[in-house]
Amino acid sequence: MDQIIGLDQIITALVAIVGVPLVLFGYIILGEQVIERLPDSMQEWIRPYFWALPAIGFATIFMVYPLVRTVILSFRNNGDTTWVGLDNYQYFFTFPDTLTSLRNSLLWLVFYTFFAVFLGLVIAILLDRVRYESLAKVAIFLPVPISAVAASIIWRFMFDYQPPGTIQTGTLNALLGTFHTGPVAWLVNSTTNNPALIFVGIWSITGFCMVIISASLKAISTEVLEAARIDGANEFQIVRLVVTPLLWPTITVVGTTMIINALKIFDIPYVMTSGAYDTDVIATQMFRQLATSHYARAAAVGVVLFIAIVPLLVVNIRRFQQQEEQR
Amino acid sequence: MSVRSTTREATGAQVRVSTLSNIGYRLQRLPLHIVIAVFVAIWIIPTLGLIINSFRSLQDMNAAGWWTVLFPPHGFTLASYEQVLQTENVATSIVNSILITLPATVIQLAIATMGAYAFAWMKFPGKDIFFIVIVGLMVVPIQMTLIPVLQFFQLIHLNGTIMAVWLAHSGYGLPFEVFLLRNYLGGLPREIFESAEVDGAGHAVRFLRIAVPMTIPAIASLTIFVFLGVWNDLLVALTYLGTSTARPFTVVISQLVTSLGGGWQFLTAAAVLQMALPLAVFIFLQRYFVRGITSGSVKG
């Protein structure tokens, strides 16, 4: 060990683990003691805010306030001293590097979302028809708990490239070698690197989509499927005309989650290529601006990302309101 | 599930009247098994290759691919693990990851449960609006918050400390947790709370004695998620800790990947160490894990 772990750090952590619930416990008990002594009308008024305050406070400090602040900052200069109008946005939409990151995020949006949901659906349907379903599910789901950092290392080995003529230790290039095709520099070559990164993303998340889709697949009554079979529908027709429409609500929910994931994707490009060779996405681009203290520009990039997500935010709220009406 | 699969088999049973048609039925299903086998292989082999490579020496790794160990001499060694643990900052960062993850998880779940109780069982003006804001915040990218929160931490001298990431993770996790727990708490039978109220139990008692114990299944699933989310996080720690000595394992690994260039092979061991905990959690707590995912997304 290069450095002794600070004892103070461990103590702070222990204090936090034990202390926070204790403090909240005290807050509840003491607060309720005080509130119960107040007149009834005042109790009714003050109690809910007392209970919701910690949550609302955290959400305000770490999400609502920063959100507003970032929007403002995106129209300011870097030192936050004057208004610069749309300068930061103009930079974003004219500088070649940031335009590349925008293009790549669009690629992620389309291909990551489509294949994650599509493969999740296909695998869920296929596995529903075999006896070893639960075992195969574990295999497909395995990458989900693995961090993007670890997944990136896993796939750097899969995509590993050695100059032609030397031994290929990367799995994919070795495989290509057996077909006597030259090694491909997957992560450097600008036609293969973005698809390669997007594939890593798909590989990591398909199990997630599969599990959710599979859960609603199990909820489709067998009678519906039986009726279709008796009517003479073959398996493909059943999947296309009966199962998929019934799963459609779930597919849209999973799809919106994947779109949000795709827009926010950061870890995989950051660890695998650091955005080199034109693999930057919006989030890595933003982090680069932030790391080089270009705060105002970073804020503008963040706002662009947020605007892309706003339609989904609206969809989510609408769906929530519909569910509330059904409660 | 098993009941359903037997009914499915029963449909197949009409086909397999004789042994001959049974063979035909099986042949017909062969492509199905092959396609599944290909999927399973693509989803397992990369991880397997990494784990195998982590037990090989650097020379072996450079001389031949991981699949060569399937034939003798196998040449397994723990050299990569020794090397990675001796690398600067690695051992410390593993401890840091634990010191970050446990408190961050406890803090946000404690606060979220309390807030969710208010949203589920109390009436107050503005409640619906507050809750719609929370639903909206669930999808707001944390990128939108990084700069102001970073400046806020700099202002109160928390930047680069472990406490900064506890607080930040708690703030980011709360909307989803409050949302999920409020739906769960709201689904509990009203009669229980009402009869407790008639018996003179105040909100503190109703929350601690009734609501929390009955919500344990939801809290358990959520704990696994939050824990792994924080353990696997890169962006939040990278932003608020950067090169601080308090930075977690994921940050150190990502920094080693970029700084090492060619000689990064021993990072196989680092990746295996990093994913060991999530994989163990998944394998041993599979039920909670899958339940958490399905309840979070389908109902949400």
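Visitor: At what angle do the axes of α3 and α13 of chain A cross?
Guide: Roughly 70 degrees, in this predicted model. The axes of α3(A), residues 87-94, and α13(A), residues 295-326, come within 9 Å.

Visitor: So are α3(A) and α13(A) roughly parallel or perpendicular?
Guide: Roughly perpendicular. Angles of 65 to 115 degrees count as that, so the pair qualifies.

Visitor: Which residues make the contact?
Guide: From α3(A), Asn88(A), Tyr89(A), Tyr91(A) and Phe92(A). Helix α13(A) brings Ala296(A), Arg297(A), Ala299(A), Ala300(A), Val301(A) and Val304(A).

Visitor: How do the residues of that contact divide, nonpolar, polar, charged?
Guide: Eight nonpolar, one polar and one charged for α3(A) with α13(A).

Visitor: Switching to chain B. What does its domain assignment give?
Guide: Domain 1 covers 2-77 and domain 2 covers 87-299 in chain B.

Visitor: How many residues of the two domains are in contact?
Guide: Six residues of domain 1 of chain B touch six of domain 2 of chain B. On the domain 1 side, α2 (19-54) and α3 (58-63) of chain B each give two or more residues. The largest share is four residues, from α2(B).

Visitor: And the classes on that domain 1 side?
Guide: Four nonpolar, two polar, no charged, for the side of domain 1 of chain B that touches domain 2.

Visitor: Now the chains. How many residues does the contact take from chain B and chain A?
Guide: It takes 96 from chain B and 98 from chain A. On the chain B side, helix α5 (residues 90-121) gives the largest share, 16 residues.

Definitions and conventions: Residues are numbered from 1 along each chain as its sequence is written. Chains are lettered from A and ligands numbered from 1 in the order in which they are written. This is a predicted model: local features need pLDDT of at least 70, side-chain atom pairs count only at pLDDT 80 or more; totals for chains, interfaces and linings use all residues. Axes are lines fitted to C-alpha atoms, for helices over the stretch in contact, and angles run from 0 to 180 degrees between N-to-C directions. Angles under 35 degrees count as roughly parallel, over 145 as roughly antiparallel, 65 to 115 as roughly perpendicular and the rest as oblique. Two residues are in contact if their C-beta atoms, placed from the backbone, lie within 7 Å. Ala, Val, Leu, Ile, Met, Phe, Trp, Tyr, Cys and Pro count as nonpolar, Asp, Glu, Lys and Arg as charged, and the others, Gly among them, as polar. Domain bounds come from an automatic or database domain assignment.
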